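Subject: Handing over a structure

Hello,

I am passing this structure on to you, and I hope you enjoy looking through it. My notes on what turned up follow just below.

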Amino acid sequence: MNEIREKARKLMKGHCRVCPVCDGRACRGEVPGMGGMGTGSSFMNNVEALSRVRLDMRLVHSVTDPDTSCELFGWKLALPVLAAPIGGVSFNMGGGMEEGAYTDAVVGGCADAGAVGCTGDGVPDIIHQSGFASIRANGGRGIPFIKPWEDEELFRKLEGAVAAGAGVVGMDIDAAGLVTLAKMGRPVSPKSAEKLAKIVERACARLIIKGIMTVEDARGAVDAGAAAIVVSNHGGRVLDHTPGTCEVLPAIAEAVGGKVPVLVDGGVRTGVDVLKMLALGADAVLIGRPVSVAALGGGREGVAKYFNTLKGELVQAMVLTGCQDLAAIDGAVLHDE
Ligand SMILES: Cc1cc2nc3c(=O)[nH]c(=O)nc-3n(C[C@H](O)[C@H](O)[C@H](O)COP(=O)(O)O)c2cc1C
């Protein structure tokens with residue numbers, strides 16, 4: 001992984017410093033770029049809040065070979081981790097790789113490691129088109145995320161995603177706040193509960209709603225018929241001064257009560273972080289920036305390698321907390337003060 005990180009650092013030309021810990025400090029305010037919005041506090045809160053979660057170590061048990069696999073949307077996953085949708089290599093990462101090569105690396109590398117890659121959307125069109133092409137090339141194993149465009153563009157892109165073979169599609173509803181789109185004069189907007197229900201109905205695929213940070217929004221998305229939600233603040237890129245996602249996760253997971261899978265992203269870097277998010281109520285996690293580093297520095301193999309490293313770390317964390325399978329990871333592994 002060190003070689004991969006070194007190569008990525010060169011290719012990213014300062015857009016990402018590939019810091020020892022990817023915590024949003026060095027890149028604060030860099031949107032476009034890889035950073036968080038404004039002071040960068042939302043990105044930093046994701047990492048910091050997760051680092052504050054502490055685990056109880058348990059060794060008097062018989063767990064030696066835990067099972068990290070799970071099923072999600074009909075796919076068998078080797079580990080409960082997806083690559084988060086990330087788009088805009090040219091303006092966010094310094095353009096050291098073509099958008100299509102990037103989405104091929106992410107979607108293909110995830111498939112190789114038994115995970116699932118998501119793809120992003122934005123301006124220019126090559127962003128979503130590359131994602132669709134990579135998902136098609138991987139037999140539909142991937143989830144394209146579409147921005148909350150105004151009607152016509154949204155439905156056209158949702159149809160394109162389904163035509164590319166995607167049976168599950170996502171909408172990052174929080175992109176309604178993206179400055180990069182506002183700068184380009186492209187209309188994205190929040191969606192009322194009624195509108196959301198109509199979008200779910202017309203989507204012709206299961207629809208994941210990403211960008212949920214409150215119990216009310218979670219209930220609204222589930223009531224509208226979402227197939228899953230992603231607790232996310234867009235990696236801190238849309239609104240400054242939100243809490244870390246792991247802080248709002250437990251209440252949201254409890255309110256959803258198992259009706260649909262609850263996914264989460266923001267600051268997840270290691271297998272231990274994955275275990276923490278599952279213990280706090282998530283069914284699976286998404287990882288953003290570190291996957292970009294792996295893709296730029298090592299292509300498809302780099303992404304697969306990163307996911308295999310995560311799996312090894314998760315196995316280790318499960319052994320050390322006495323969890324035989326993912327269902328066994330619950331609040332009991334968390335250290336209460
Ligand atoms: C450069 C960049 C581009 C992104 N593009 C998208 C996108 O197109 N669609 C989307 O849903 N989220 C997008 N995101 C947000 C990620 O999917 C994810 O929520 C976030 O990166 C998770 O935080 P992490 O990077 O700390 O793991 C983007 C994030 C970054 C850093």
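**Cavities**

A search through the whole structure turns up three cavities of 30 Å³ or more. Please keep in mind as you read that this is a predicted model.

The largest cavity has a volume of about 490 Å³. It is lined by 32 residues, and those closest to its centre are Pro85, Ile86, Gly87, His234 and Arg237. If you want to find this cavity by its surrounding elements, look for α3 (89–92), α7 (179–183) and β10 (284–287), which are the elements that give two or more residues to the lining. Sorted by class, the lining of the largest cavity holds 13 nonpolar, eleven polar and eight charged residues.

The second largest cavity holds about 100 Å³ of space. Here 14 residues form the lining, and Cys16, Arg17, Cys19, Cys22 and Cys27 are the closest to the centre. The classes in the lining of this second largest cavity are eight nonpolar, two polar and four charged residues.

**Helices that pack together**

Two packed helices are described by the angle between their axes and the distance between the axes, so you will see both values for each pair.

Let me begin with α5 and α6. Helix α5 covers residues 126–137 and helix α6 covers residues 151–163; their axes come within 9 Å and cross at roughly 20°. Angles under 35 degrees count as roughly parallel, and α5 and α6 are therefore roughly parallel to each other. The crossing of α5 with α6 is right-handed. Which residues in α5 meet α6? They are His128, Phe132 and Arg136, and on the α6 side they meet Lys157, Gly160, Ala161 and Ala163. This contact of α5 with α6 comprises three nonpolar, two polar and two charged residues.

Helix α6 also packs with helix α8 (residues 193–202), at an angle of about 30° and with the axes 11 Å apart. That angle makes α6 roughly parallel to α8. Again the crossing, in which α6 passes α8, is right-handed. From α6, the contact is made by Asp151, Leu154, Phe155, Leu158 and Glu159, while α8 brings Lys195, Ile199 and Arg202. The residues in the contact of α6 with α8 are four nonpolar and four charged, with no polar ones.

The remaining pair in these notes is α9 and α10. The axes of helix α9 (residues 215–223) and helix α10 (residues 245–256) come within 9 Å, crossing at roughly 35°. The crossing of α9 and α10 is right-handed. On the α9 side you will find Val215, Ala218, Arg219 and Val222, which meet Ala251, Ile252, Ala255 and Val256 in α10. Seven of the residues in this contact of α9 with α10 are nonpolar, none is polar and one is charged.

**Backbone details in the loops**

Finally, here are some backbone details to look at. Most residues other than glycine have a negative phi, and most peptide bonds are trans.

Where does Pro32 sit? Its place is in the loop between α1 (2–11) and α2 (41–52). The peptide bond that joins Val31 and Pro32 is cis, with omega about 0°. Lys13 also has its place in the loop between α1 and α2. The phi of Lys13 is near 45°, a positive value in a residue other than glycine.

Another cis peptide bond runs from Val123 to Pro124, with omega near 10°. You will find Pro124 in the loop between β4 (116–119) and α5, and α5 is the helix that meets α6 through His128, Phe132 and Arg136.

Happy exploring, and do write back with any questions.

Best wishes

Note on methods
Residues are numbered from 1 along each chain as its sequence is written. This is a predicted model: local features need pLDDT of at least 70, side-chain atom pairs count only at pLDDT 80 or more; totals for chains, interfaces and linings use all residues. Side-chain values use heavy atoms; hydrogens and water are left out. Axes are lines fitted to C-alpha atoms, for helices over the stretch in contact, and angles run from 0 to 180 degrees between N-to-C directions. Helices (H or I, at least four residues) and strands (E, at least two) are DSSP runs, numbered from the N terminus. A crossing is left-handed if the near helix is turned anticlockwise from the far one by less than a right angle, and right-handed if clockwise. Contact means heavy atoms within 4.5 Å. Ala, Val, Leu, Ile, Met, Phe, Trp, Tyr, Cys and Pro count as nonpolar, Asp, Glu, Lys and Arg as charged, and the others, Gly among them, as polar. On a 1 Å grid over the protein atoms alone, a cavity is a set of points where a 1.4 Å probe fits but cannot get out, and a pocket is an open set with protein on both sides within 12 Å along at least five of seven lines; lining residues have an atom within 4 Å of a point. Grid points are joined across faces, edges and corners, and a volume is the space filled by probe spheres set on the points. Angles under 35 degrees count as roughly parallel, over 145 as roughly antiparallel, 65 to 115 as roughly perpendicular and the rest as oblique.
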